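Me: I would like to learn how to read aromatic contacts in a protein model. Could you take me through an example?

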Amino acid sequence: MLTFIRHTFFAGLLALTASLSLAQSINTSLPIIELKTSIYRIQAEVASTQQARQIGLMNRTSMPTDSGMLFIFDQKATHCFWMSNTKIPLAIAFIADDGKIVNIEEMQAETLNNHCPKAPVRYALEMNRQWFSQRAIGPGSVIQGLPRQ
């Protein structure tokens with residue numbers, strides 16, 4: 001009986017640790033939407049306020065494979081990004097209003113290099129490094145499910 005209780009305790013402890021790890025990688029205070037490109041589905045946290053965009057994915061140590069963060073700006077502009085206090089390497093797709101990817105940049109963790117769109121945009125989607133290239137998704141590919149402003 002004591003062995004059963006120990007196993008149950010450790011199983012519960014492992015489940016709690018996994019839950020905390022997932023909660024650390026996803027900011028549950030932001031809305032999450034499903035996006036699609038080609039055959040791939042993306043669970044994207046939506047950063048549509050000034051504060052959410054400023055914090056972005058800072059201080060996270062991991063992100064699930066098909067998860068990301070969609071940045072939505074009020075106006076089309078050349079919104080540049082950098083990786084200050086961002087602990088995981090990311091790829092960013094700059095997206096036009098019609099959902100077409102304008103360009104994609106690979107970004108190294110903890111750097112201050114600017115990564116900018118090649119044309120004014122209102123949307124940017126951050127995913128884990130090489131997520132787009134590993135799926136042959138590039139400029140001209142379409143992201144479906146973007147919220148309309």
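Reply: We start with the overall fold and then turn to the aromatic rings. Bear in mind that this is a predicted model.

Me: What is the secondary structure of the chain?

Reply: The chain has two helices and six strands, and along the sequence they come in the pattern α-β-β-α-β-β-β-β. Of the 149 residues, 38% are buried. Among contacts with a separation of 6 or more, 68% are between residues 24 or more positions apart.

Me: How is a pair of aromatic rings described?

Reply: Two values are used, the distance of the centres and the angle of the planes. In this chain the count comes to five aromatic pairs. One of them is Phe71 with Phe81: the ring centres are 4.9 Å apart and the planes stand at 75 degrees, so the pair is edge-to-face. The cut-off behind that label is an angle over 60 degrees.

Me: Which parts of the chain does the pair of Phe71 and Phe81 tie together?

Reply: Phe71 belongs to strand E3 (residues 67-77), while Phe81 sits in the loop between E3 and strand E4 (90-95), so the pair links parts that are ten residues apart in sequence.

Me: Are Phe71 and Phe81 buried or exposed?

Reply: Buried means under 20% relative accessible area. Phe71 is buried, at 1%, and Phe81 is buried, at 9%.

Me: Which residues form the aromatic cluster?

Reply: Phe71 and Phe81 form one aromatic cluster with Phe73 and Phe94.

Me: Which residue lies over the face of Tyr40?

Reply: That is Arg135, at 5.6 Å from the ring centre of Tyr40.

How values were computed. Residues are numbered from 1 along each chain as its sequence is written. This is a predicted model: local features need pLDDT of at least 70, side-chain atom pairs count only at pLDDT 80 or more; totals for chains, interfaces and linings use all residues. Side-chain values use heavy atoms; hydrogens and water are left out. Helices (H or I, at least four residues) and strands (E, at least two) are DSSP runs, numbered from the N terminus. Buried means under 20% relative accessible area, exposed over 50%, partly exposed in between (1.4 Å probe, protein chains only). Contact means heavy atoms within 4.5 Å. Rings of Phe, Tyr and Trp (its six-membered ring) pair if their centres lie within 6.5 Å; planes under 30 degrees apart count as stacked, over 60 as edge-to-face and the rest as tilted. A charge sits over a ring if NZ of Lys or CZ of Arg is within 6 Å of the ring centre and within 35 degrees of the ring normal.
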